[in-house]
Amino acid sequence: MDAMFYGVPALIGLVALAVAIGSVRRALELRAAWRSGLTAEGRCLRAYTTHSEDSTTHHHVYAFTTGDGREVRFEERNGPTTRVAGDHVTVHYTAARPEKATAAAPGGVKNAAGAVAVVAFCGVMIAFCAVFAITVPT
């Protein structure tokens, strides 16, 4: 029984921590791509939607050629719903990791605010789990 009172909050806290880390990592990748100054004309190869119980996610698969001639494909979630296969887009990328490119328009403040919101929400979840585990009667 103790495992449930300690294990479940620990598991929820670890998942929240992983989500927060992933959000910050992606925000930093986007920031690096936008600040690198490297752009290329890309093309949307595929657009599709996935559904879960409570959300819908739009996915796009893009291809572009880097300045040194390397062909790169990448997938990005939550892009514009109006973008379809065949559309031409401006791709922002870094020379070191072009596979972490983005077809999203630069949005530094919006990007940072989104990451901060996710980290804050995850922090509240982690704090709640910690308080629950500490105060649970044994």
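Two residues are in contact when they have heavy atoms within 4.5 Å of each other. The structure is a predicted model, in which local features need pLDDT of at least 70, side-chain atom pairs count only at pLDDT 80 or more, and totals for chains, interfaces and linings use all residues. Residues are numbered from 1 along each chain as its sequence is written, and side-chain values use heavy atoms, with hydrogens and water left out.

Start at Val91. Not counting residues up to four places away in sequence, Val91 touches Leu38, Thr39, Ala40, Gly42, Phe64, Phe74, Ala101 and Thr102.

Val91 also belongs to the largest nonpolar core, which has 11 residues, among them Ala40, Phe64, Phe74 and Ala101. Such a core is a set of buried Ala, Val, Leu, Ile, Met, Phe, Trp, Tyr and Cys residues joined through side-chain atoms within 4.5 Å; buried means under 20% relative accessible area (1.4 Å probe, protein chains only). Two or more core residues come from each of the strands S1 (38–51), S2 (56–65), S3 (71–77) and S4 (88–93). Strands are DSSP runs of E with at least two residues, and helices are runs of H or I with at least four, numbered from the N terminus. S4 gives the largest share, three residues.

The four strands form an open sheet in the order S3-S2-S1-S4, with antiparallel pairing; strands pair if DSSP finds at least two bridges between them. S3 and S4 are at the edges with a single partner strand each, so one side of each has no neighbour in the sheet. S1 and S2 are joined by nine bridges.

How values were computed
Buried < 20%, exposed > 50% of the residue type's maximum accessible area, 1.4 Å probe, protein only.
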